Amino acid sequence: MLEEAAPLSVADGLRGNFELAVIVGSIPFWLIVFWYSRTQMMARGRFGTIFLGGVLLLYLLLEFPDPLEERNWVETAILCVSGIVILVATVYLSVNYQSVVIDRAGHAYDYEIALALAFSAVMIYMTWRAFGMTFLGVVIVGILYGLFGQYVPGTLTHGGLSPERTLRIMVLSGDGFYGSLTQLVAAWIALFLLYAGMLKGYGAFDLILRLAVRSAKYLDSGVAQTAVVSSAVIGSVNGSQTANAGMTGSFTIPLMKKNGVKPETAGGIEAVASTSGQVLPPVMGAGAFIMASLITGVTYGDVIIAGLIPAVILVVSIFIAVHYVSVPQIDDPSMSGVFDERLTRLEITLEAIKFGIPMLILIYLLGYVQVTVMTAALWTVISMMAFGVAIPLLQAGVEGGSLGATAVEVSKQTIEGFRQGVIVLAPVTIILASINGVVDILMATGVPGSLSLTLMNLSGGVPIIAFILAMGICIILGMGMPTTAAYTVVALLIQPTLESQFFVPELASHFFVFYAAILAGLTPPIATCVAVTVGIAGSEFWRTCLEAIKISAPLFILPFAFLYHPELVEGEFTMTALRSGGFALLAAVAIIHGINFQSRYDRGLTWLLRIVFSCAGVVAMVHPATLVQAGALGLVVVLYAIQTNLGRPEPIAAGAGKEL
């Protein structure tokens with residue numbers, strides 16, 4: 001036993017050393033980010049180069065322990081070589097940025113091409129380590145398409161890019177891996193992900209769960225709604241639905257299972273909740289920043305306001321759907337035994353101040369003062385750090401606690417926030433850098449125009465067919481990607497066709513592809529978000545996918561409402577917009593009821609009612625004619641009244657009569 005325990009001790013020490021190295025490296029890294037956000041005394045392209053190099057090196061430190069513990073020397077050597085390449089490329093390109101990117105644009109020395117080749121290989125390897133074979137295939141196919149497009153038949157053919165030009169695009173042009181998306185992460189998104197890390201470091205996640213658990217005494221489905229609340233709040237600033245599912249699901253899924261919810265249902269609820277968080281203001285999973293950067297004349301604040309009505313529809317419909325599916329399964333709605341230690345009124349007040357004021361500062365700076373996103377993010381993080389340190393010290397002083405011990409504890413929490421920020425930031429940066437490289441290659445080949453022609457040919461110019469095909473393509477392109485990457489790809493490749501060929505308003509078409517792309521996390525056969533929750537819940541993959549789709553069914557219809565009712569996302573709360581939003585919400589409830597109600601009727605009548613409710617809901621949500629929408633909702637009301645008079649839906653387990 002002693003001989004077996006020794007390696008574990010060595011491994012723990014080794015892992016601890018690398019964790020310390022990440023902490024030591026993260027502090028100067030974040031200080032540089034702070035400095036740039038405050039001064040901007042450097043070209044954004046050069047800062048993006050330094051930023052990407054720093055993130056990749058920190059990611060390597062996170063990855064080193066596993067191969068060392070497993071004594072996998074080949075993998076260890078590859079990581080070491082990768083680190084050297086990253087360091088050399090970062091130093092060379094940042095020091096010689098003016099010469100390489102601007103003065104000699106379109107021309108590169110042989111050794112620079114060799115460096116670009118080595119760095120491209122490292123980026124491909126980093127992409128594989130962070131996201132596996134699925135997304136690696138997307139990157140490689142994109143590069144091969146750029147190199148050998150002349151062999152592709154049909155409208156997607158092009159003349160082909162030379163290897164040298166391809167490498168210049170990806171590494172030496174200031175675009176590619178170092179392009180606009182990487183610079184956007186460096187300037188805007190990074191600080192919001194640090195904010196997410198600080199929230200976790202200072203205990204916001206625990207507070208959110210406590211508040212959600214406390215709400216359970218007022219709501220029978222409270223144990224399941226805990227997942228919705230916590231995942232939505234954390235997911236909004238997270239930037240990755242799969243990462244969010246792993247973070248919040250590690251607590252919410254066992255909690256739901258403990259209270260009687262089936263593993264498949266628990267996994268489906270968490271997957272949908274994590275997905276919904278990606279479209280909620282004020283951050284929208286960092287997708288709002290990219291949308292604002294892609295649409296000319298639209299600010300970040302405009303995007304957030306435009307997303308409010310869809311967000312309300314989304315949250316309310318998911319809330320109702322979760323209530324439908326969870327109440328019949330829950331054994332103990334009161335959630336007794338969870339967080340038995342109660343927070344005092346003073347503790348609740350101080351916690352609300354600690355986490356609430358930084359969020360109010362963010363909203364105030366963006367919505368009222370209308371400073372830049374970078375400035376708002378900087379002061380939000382600084383205020384979070386200030387209140388995260390000051391409030392515990394104040395509490396210790398009021399309660400007579402040890403100020404020294406409290407100071408040490410909050411210092412550890414701050415450092416942990418820096419580390420968590422790096423952990424969240426690294427994969428998002430890597431995949432966006434890879435996407436940027438591939439997208440720039442595709443843009444050089446003219447593929448967006450080719451896709452537009454292809455979509456027109458396949459649809460025959462019929463809008464609804466084109467829209468359905470566009471959603472399918474968005475889901476396929478979004479598979480295996482976090483929110484920001486999925487949206488970026490479809491915004492550059494699919495959105496222009498909707499706008500130019502079918503005359504969909506620009507903001508509406510962007511919201512369509514944005515919502516469609518995140519659904520990839522719930523759509524089999526990949527369903528990466530579901531795959532994460534399946535691992536935690538110990539459930540069967542396909543059944544969990546089915547549960548997730550039953551809960552999220554209105555989300556697959558809502559994007560089409562943006563196309564036929566663009567007032568939903570115009571950011572103006574006119575009577576027309578509010579009416580369309582109300583119709584869409586009632587239609588979502590009709591779809592949920594049709595799919596999820598339990599019945600004592602015979603199977604044929606039950607399925608007929610399900611189909612009628614669901615189809616009427618779809619028509620009420622999407623149809624462009626107001627009278628038709630109203631008629632469909634009227635049919636729903638009449639059917640529900642008849643159904644109620646014949647006998648309320650019968651629950652399948654405990655909790656009879658509790659469903660909506």
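Helix 8 and helix 13 lie oblique to each other, a term for angles that are neither under 35 degrees (roughly parallel), nor over 145 (roughly antiparallel), nor from 65 to 115 (roughly perpendicular). The axes of helix 8 (residues 180–201) and helix 13 (residues 287–294) come within 10 Å and cross at roughly 140°, and this crossing is right-handed. The model is predicted, with local features needing pLDDT of at least 70 and side-chain atom pairs counting only at pLDDT 80 or more, while totals for chains, interfaces and linings use all residues. Residues are numbered from 1 along each chain as its sequence is written, and side-chain values use heavy atoms, with hydrogens and water left out.

Helix 8 is mostly covered, since 20 of its 22 residues are buried, where buried means under 20% relative accessible area with a 1.4 Å probe, protein chains only. Helix 8 bends by about 50° at isoleucine 189, the bend being the angle between axes fitted to the seven residues ending there and the seven starting there. Just after helix 8, glycine 203 takes a positive phi of about 95°.

Technical notes:
Axes fitted to C-alpha atoms, helices over the stretch in contact; angles between N-to-C directions. Helix = DSSP H or I, 4+ residues; strand = E, 2+ residues; numbered from the N terminus. Left-handed = near helix turned anticlockwise from the far one by under 90°. Buried < 20%, exposed > 50% of the residue type's maximum accessible area, 1.4 Å probe, protein only.
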